[in-house]
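Me: I'd like to go through this structure with you. Can we start with the strands?

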Amino acid sequence: MITLTIDGRKVEAKKGETILQAARRAGLYIPTMCYLTKVKPIASCRLCVVEVEGADGFILSCQAPALDGMEVRTNSPELFSHRQNIMKLYDVNHPLECGVCDKSGACDLQNKTLEFGVDTQEFSARDHKRDLRKWQFIGYDESLCILCEKCVHVCNEVIGDDAIEIHYGGYNSRIQPKGTEELECTNCGECIAVCPVGAMISTDFQYKANAWELEKIPATCAHCSAGCALNYERKYEGALEKNEPKIYRVTNEFEFSTLCGAGRFGYDFENRVAGRDEAAFKKALEAFRKADTIRFTSRITNEEAMILQRLKEKYGYRLVNKDAGNYRKFLEAYATMSGKSLFNGSLESLADADGIIVLGTRILTDNPAVRYHITMASKRHNARVVYMHPMEDEEMKNVVTQFVKYEVGTEEGVLALLAKTMLEGKIDVKKIEGFLKDLDEGYLSAESNVGEEELEAVKTSLARCRRIALVVGEDCINHPRATQIARLAALFERFGGISVLPVAPKTNSLGVALICDLDDESEGYTIGYNTPGDFVLSSLGEGDLDMPALNQQEGTFTTLNKRVVPTNVALPFKGYVLNDIANALGVEAEFTIDYTERLPKEKGFEAVRFDDIPYYFSNSEGEVRGYELRRLKHGVDSSLEDIAELPEFNGPILYRCDPVLQFGPQTYRASQLEGEEPVLYGAQQFAVAAKLQEGMRVRVNVGGVEMERVFKIDPTLKGTIALNPTFDLGLSEDLLSSNYRYSQSKIEVVGQANE
Amino acid sequence: MARVVFSTWRGEFIDNRGKPEEEWVESEYKLPERYEADRDAKAFIGWDGFAVFDESIDVVRLGTEYAHTYQKYSEACGRCAPGRWGGRILYDLMDKIARGEGEVSDLEHLKEVSRTMMETSKCEIGRTVPKPLLDMMEHYHDTFMDLIENKKKSPDYDKEDISYIAKVTAPCMDACPTHVDIPAYIEGVRDLRYDDSLKATRKSMPLAHTCGRVCPHPCEDECRRANLDEPISIMELKRIGADYETDRGFEWLHPEEPAKEKTDKRVAIVGAGPAGLTAAYYLGVRGIQCDVYEELPVLGGEVAVGVPQYRMPIEKYNKDIELAKSVGTNFIMNTKVDAEMLRKFDKEYDATLLAFGTRLSKKVRAKNERDDMPGYWGAINFLDCVNLWVKYGIPIPQEVREQQMLDKEYVDLTGKTVVCVGGGFTSMDVVRCSIRCNADKVIMLYRRDEKTIIRNTTYEEYHEAVEEGVEFIFHSAVEEIIEDENGRLKALKVNRFELVPDPGGGRPQLVKIEGADFEIECDYLIPAVSQAADLGLLPEEWELELTSWGTLKTNGRDYMTSRKGLFAAGDCEYGPMTIVNAVGQARRAASVISRFVHTGEITLTDEEIMEDHLRRLRVYDKKEKVTGWLPGLPRQVSEKLGVDERKYNNREVNLGFTQEEAIAEAERCMRCYYIAMTAV
């Protein structure tokens, strides 16, 4: 630590921190317009200039490092006058349309204009026509833009789309799509989030509400296992909606955290019911009384999972959750090899890595948050990114330094080869050393199609890396050989000093896997919770008893980042909740969240009350939300099985994969996302193999679930694997969620797209 | 020196207005009073003041145009609030006064905006554009007041016969022989937009991998950051963008899209070295078909066969070569061009560019020095033999093996003593390659001292050679080569010198120390004192003009030889010089040729004319005091392989910056863009 003086106050700073960072951590204010905490200093607004003893002129505090013994002055009449002048310049020709601007009331330009008392327009400039652009979710009003560049930086540096750029030209500068006429991106909407004025806007939200009318409900995104922080912003609509609030938009604390488009635009998936349906509730209790099995998905809170576990303990139900079940087996197998109850990887270690291997996931759509952390590693540390998958992903190209294509089904063989490449010579356990030595590389290479040269290239490219991360995806977790794959993955943690992150497939797969004692298969009378069954509890509104959706519940999720994070009620639910059923069945607690402090400590949870779980953001600590699970010691078993015969998949293959912004029935219910058509995307080569043509309507049957899709050719794809979405399948989606993602299914042409 | 009516340039104050001509004071700076041979300049305005050459110039219009330029021409701008809006307001207010609608309060507003721009702008453009305008308002106050009080248009306001020719520059850009847009490519690194970084480099430097590694970086000698602490590590930051493209397997990031259709114009280029590749790239981008003839079996010229693998890995250089290929260049290898072919080119092509370098090793001028003596091995041939094997697996030709008594198909110096005479980059390559060829003992003889050898090469190069075990003997020269009974080189008789100060205060003289001679027994003497151009290919009847040092003569601006349509660039024009020098010349030549093939005329663009004027004037001012930046931030140093890791192999020694180091270094860059403008 170093010590400097800011405005006469002694302030501590870490080496490498800037003056601005040091000041903010100490709670000292320096005005900025373009500074965005989560990206590199942009240095365009110049408001943050300060005086430094011994340095001539004004120093830009966002970029200049804090140095030991430095004396900084953040304010003086001269600094004030420069800042005021800069604000006067910012205000030149800025349209005075605050009354109809989305940003009004939460606008940095308004705030700083006020702060610096700019009450007259001393300067003017001739203006010219400025464009209004409108893309699907995102709109851009050039005349409101102050060119702070935050949107451009976040898009390139955090998201990785690199879809927008500045068109330079002095006063004529503007933001424009990069390399394309119209905006082509993954629609994360971070550009909207970071915009300090009303230039980048949500086309849906425009003219709907004033910032000050909206009430922020801090919560956790319910769509995937990243569990990102978000605010549901709601408003009561008066008599029209019988005083029921409605969510108008989702925002995020963009200085410190990031949100994808599904979280931002797919928020109104609530299940609205008129009131308590007593008859249905009675039937539900009857169903529970005779049930043998409760089958459920991982889109529930930890507390609900705990209730189900208690019900099991009391009534001996079989608890079946397929995706969490597979994940649980994966983690258990992993733990026996790593010696720790949980893996060592995290999103933070990923962003900090200088070498990354991604195996068995189409990560850009599977888990946007993981992808953003890979982007950060790539941009900031020039991380080598080895992307191993049967399909290349065009949109990952600007971070991937090596694509290794392997044959479908050969993940076990590929990981074994990778372990041999990366770990040989580092292993001090004879058995494992012998295992790697005895690998039949010729066979594995031939079957997986991953050659010696490619592996050598992986090794060379990662040779200088000091912080390597391995991301293991759902293709591995739901693989028939998942436990062996898990044990191979654990070798990287145990012997390679590599941080391993197995990406939990669904929102709360990790929580369920740790909390519930799961059974493999359903037997007898089955209650389905958000999944088909003899009696169905559903938050999708299509079951026998309505349940609240995740934006209507309070409780916690356990994220892929091993954190227990709270979510809150954004919208009321007037019906019955799971806790009501449990109480009626003698498993008693006043509130669902009473279970928060009872989550199993032997699995790493803490005995902390829901209301005591932190959820805040600060300049000194960044995002402080939830707590981290403890990693406990675990018994070690160093044995590995022989590699099973690698399977062969021939002909057209379907890969279960939702498009960006869709994660299943929840997102598909949201008003901005419900219009999306389920499309089967394949390469030209796939079309030939499956005898399909662009625009055909096809019926496919995957794992017993039938679905109709329009087939389209995606020119960026290669090979005979097509991307088959399942987000439109409602409750049935769960039936497929734990299958190995690749399948060879019958594809039947039933007509044309417009029929 | 320049004749001026008025000047505030670089702190001088000259006001000859109303004085008789014989009392005029001259400016001490090389201001561009003559724009072109037949065009006089009326005024010059820039970051450091303004100068008037023609008393009739309308300074208000001049200032207005200068402020306008900031808006119109400068791609660099638009990156900060004070610059973006302030620049616009400067222009609007100046224009308001110039068109006769100004108020006295506008002068105050101009001063106020100028003050904030000068103190807080992001780059030097914003900080310096107000400077000459303030000078004007002060020294031509009456002119301004006349327009304002009488609501009068400025005299030249509607005139269109005066050209205001502007150019954006920076001290580093000016110093770079090919004027790379250095602040832009550094900004690309700082902003984590590595594609933008590479595109900025390639605007004037197609060999981004190469000059991100082995450039002697004259830019760093004129980096303004040195006035504050240490110069930016400019060269190494160039690698970042190039590696970004290569590592991710992107398609070529061209600064401008290459012409989709080829024109019917064809150019022959002799030599596929840095100059030839550069010309081929910039001509190819403009749709001109180039045939490049290369004598060697490989492409790349001296960078391929001269510069060793450990300094310039061929995989990386090949990327630069592929870039030149990507615009449709046709390479014809293993073809030594002779006079007959040149005559043919003259008829068949629309222009010919000679870029064959200097590939004859000069002698050390010792007694008994013979090319055919076994053990006497010219540096160029020695490095050819080493590099062709190391980089391409091409064995040594039989005749060389015989002359140099080599029993393997590659250079193996086990048990041998090698003496190199030199002091420049080539000699460093020779001695360090000799170490890697496992020589027993490697000695470098140099006439001058340690300080000079470092100045002629780099600090790193010299110290790495010392670490690897090269023995340097300074103030020494070979007097005589001694052969054995079989006529093989056996030993050298070496004289020693000392530096004797000149009592008259002139340069100290090297004086031989009598009685200090000594002998070195050795197996090889490798002269690496300099190289000369092999001019055997020039048709005699063309009677091409040559320089006194035996290279092709051009005017150093358009690179045409004394024969119309025949151009020359790179070492065969300049003499042995740097890669970046060859690139700079070839880029200019390509530009001239691209117009010549269509019009038959030799012209320079205004951009190029200004480039040359500014270089004469010098953009960098060593004495300037830098403000607004925190001093004392150390220059980043990249990691190098340890001596034991590198000594006996050809791994790249300089591992380059980590991204963190690169970004930290890029953040030190002060973006010293300036705008200069000449009124003609």
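This is a predicted model: local features need pLDDT of at least 70, side-chain atom pairs count only at pLDDT 80 or more; totals for chains, interfaces and linings use all residues.

Me: Fine. In what order do S11, S12 and S13 of chain A sit in their sheet?
Reply: The order is S11-S12-S13 (chain A), in an open sheet with antiparallel pairing.

Me: Which are the edge strands there?
Reply: S11 (215–220) and S13 (245–251) of chain A. Each of these pairs on one side only. The twist averages 35° from one strand to the next.

Me: How many bridges join S12 to S13 in chain A?
Reply: Six, between S12 (residues 229–236) of chain A and S13(A). Take Arg234(A): its bridge partner in S13(A) is Ile247(A).

Me: What about the sheet with S6, S7 and S10 of chain A? Parallel or antiparallel?
Reply: Antiparallel. That sheet is open too, with three strands in the order S6-S7-S10 (chain A). Its edge strands are S6 (132–134) and S10 (200–202) of chain A. Here the twist averages 20° from one strand to the next.

Me: Which residue of S10(A) does Tyr140(A) stand opposite?
Reply: Met200(A). S7 (residues 138–141) of chain A and S10(A) pair over three bridges.

Me: Now the hairpin. How many residues lie between S26(A) and S27(A)?
Reply: Three. S26 (residues 615–618) and S27 (residues 622–625) of chain A run antiparallel and are joined by four bridges. One of the pairs is Ser618(A) with Gly622(A) in S27(A).

Me: Switching to helices. Is H13(A) mostly covered or mostly open?
Reply: Mostly covered: 10 of its 13 residues are buried. Among them are Glu411(A), Glu412(A), Val414(A), Leu417(A) and Met422(A).

Me: What is its reach, end to end?
Reply: H13 (residues 411–423) of chain A reaches 17 Å from its first C-alpha to its last. That is close to the 18 Å expected at 1.5 Å a residue.

Me: And what follows H13(A)?
Reply: Gly425(A), whose phi is positive, near 95°.

Me: How is chain A divided up overall?
Reply: Into domain 1 (2–75), domain 2 (91–202), domain 3 (278–325 + 509–611), domain 4 (343–502) and domain 5 (653–752).

Me: How far apart are domain 1 and domain 3 of chain A?
Reply: Their C-alpha centres lie 49 Å apart.

Me: OK, the interface. How many residues of chain A are in contact with chain B?
Reply: 42 residues of chain A, with 38 residues of chain B. The elements of chain A that give two or more residues are S3 (49–52), H2 (77–91), H4 (150–159) and H12 (368–381).

Me: Which gives the largest share?
Reply: H2(A), with five residues. By type, the chain A side has 20 nonpolar, 13 polar and nine charged residues.

Me: Which residues of H3(B) are buried?
Reply: Leu110(B), Val113(B), Ser114(B), Thr116(B), Met117(B), Met118(B), Glu119(B) and Thr120(B).

Me: What covers them?
Reply: Parts of both chains. The cover includes S3 and H2 of chain A. It also includes H2 (81–98), H4 (124–128) and H5 (130–139) of chain B.

Me: And the span of H3(B)?
Reply: H3 (residues 104–120) of chain B has 17 residues and reaches 25 Å, close to the 24 Å expected.

Conventions: Residues are numbered from 1 along each chain as its sequence is written. Chains are lettered from A and ligands numbered from 1 in the order in which they are written. Domain bounds come from an automatic or database domain assignment. Two residues are in contact if their C-beta atoms, placed from the backbone, lie within 7 Å. Ala, Val, Leu, Ile, Met, Phe, Trp, Tyr, Cys and Pro count as nonpolar, Asp, Glu, Lys and Arg as charged, and the others, Gly among them, as polar. The expected span of a helix is 1.5 Å times one less than its number of residues. A residue is buried if 20 or more other C-beta atoms lie within 10 Å of its own, exposed if 12 or fewer, and partly exposed in between; C-beta atoms are placed from the backbone. Two strands pair if DSSP finds at least two bridges between them. Axes are lines fitted to C-alpha atoms, for helices over the stretch in contact, and angles run from 0 to 180 degrees between N-to-C directions.
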